[in-house]
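Please open the model in your viewer and keep the sequence panel beside it. This tour begins with the whole chain and then moves from one selection to the next.

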Amino acid sequence: MRKTAVVTGASSGIGEATARRLAAEGYDVVAGARRRDRLDKLAAEVPSIRPVMLDVTSQESVDALAAGLERCDVLVNNAGGAFGLEQVTDARLADWQHMYDVNVLGSLRMTQALIPKLVESGDGVLVMLTSTAGHGAYEGGGGYVAAKHAQRAMAETLRLELVGQPVRIVEIAPGMVQTEGFAVTRFRGDQEAAARVYEGVPNPLTADDIADAIAWSVTRPAHVNVDRMIIRPRAQAAQHKVHRVSG
């Protein structure tokens, strides 16, 4: 029987790339996101992808997705995002609440809903898509850093609590990845400000790079757990240290 993978935030960026890659690896992929038009386009291009409307901030939405699954072998908790770059003293409370609800509580909702099916599969894999922000702070990133640290802690705790169960817990922590929406969302739609993030950076990571890492991790033999993979472009030595070249 073909295995089933669930990918959240699958309508664009890393989520879309992961859905495509896991489908290419032979999985039936349930692609969950809020933008149905983009999901339908994705499913039309890749027949083994099933689009499902999903809002990870809604328990009802998460429960509906789980109820419609016969099995789940892989869960990729990808849905998330960063909102704003204000310093902690000037941060908008609503941004922090939204980042926590999507990144952290969204992952918690999906994990609680699908862990029973992952265990039942006999070789389940849960992937927590965090960030290098979960491994070090930087100015202007307080809310996102806090949320990603919380996801990292969740993954570490799950690995302890589920030891002995047939489930692997994998954390994938990307550094600078250039996708169509991440920086634009963070800068509240300011395209020019978003473009400056990647200006002069030779070859930032792509969504396909991260999808490749996820696919490799989940397709290891059942006894092999990739606890954590931190991935940065060669040009990025740390959150605050990025090599840039002038035009």
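What percentage of the 247 residues of the chain count as buried? The value is 50%, where buried means under 20% relative accessible area, exposed means over 50% and partly exposed lies in between, with a 1.4 Å probe and protein chains only. Before you select anything, note that this is a predicted model, in which local features need pLDDT of at least 70 and side-chain atom pairs count only at pLDDT 80 or more, while totals for chains, interfaces and linings use all residues. Residues are numbered from 1 along each chain as its sequence is written, and side-chain values use heavy atoms, with hydrogens and water left out.

**The whole chain**

Show the chain as a cartoon, and you can look for eight helices and nine strands; these are DSSP runs numbered from the N terminus, with helices (H or I) of at least four residues and strands (E) of at least two. The radius of gyration of the chain is 17 Å, close to the 18 Å that the globule rule gives for 247 residues, so the chain is as compact as a globular protein of that length. That radius is taken over C-alpha atoms, and the rule is 2.2 Å times the number of residues to the power 0.38. If you display the C-alpha trace, its span along the principal axes is about 50 × 40 × 35 Å.

Of the contacts between residues at least 6 apart in sequence, 68% join residues at least 24 apart, a contact being heavy atoms within 4.5 Å.

Select R168, which you will find in strand β6, residues 167–174. Is R168 buried or exposed? It is buried, because its relative accessible area is 5%. A polar atom of the R168 side chain lies 2.9 Å from the backbone oxygen of V224, which you can check by drawing a distance between the two atoms. Leaving out residues up to four places away in sequence, R168 touches several others, including D123, L126, R220 and S217.

Move on to S217, which belongs to helix α8 and is buried, with a relative accessible area of 0%. Apart from neighbours within four places in sequence, S217 is in contact with R168, V170, I172, V226 and M229.

**Select S11**

Now go to S11, in the loop between β1 (4–8) and α1 (13–24). S11 is buried, because its relative accessible area is 6%. Show its surroundings, and, not counting residues up to four places away in sequence, you will see that S11 touches E16, A33, R35, R38 and L39.

Next, select N203, in the loop between α7 (191–198) and α8 (207–218). N203 has a positive phi of about 60°, although it is not a glycine. N203 counts as exposed, because its relative accessible area is 67%.

Finish at A237, in strand β8, residues 236–238. Is A237 buried or exposed? A237 is exposed, at 57% relative accessibility.

Methods
A polar contact is a pair of N or O atoms within 3.5 Å; within protein, one must be able to donate a hydrogen and the other to accept it, and residues adjacent in sequence count only if both atoms are side-chain atoms.
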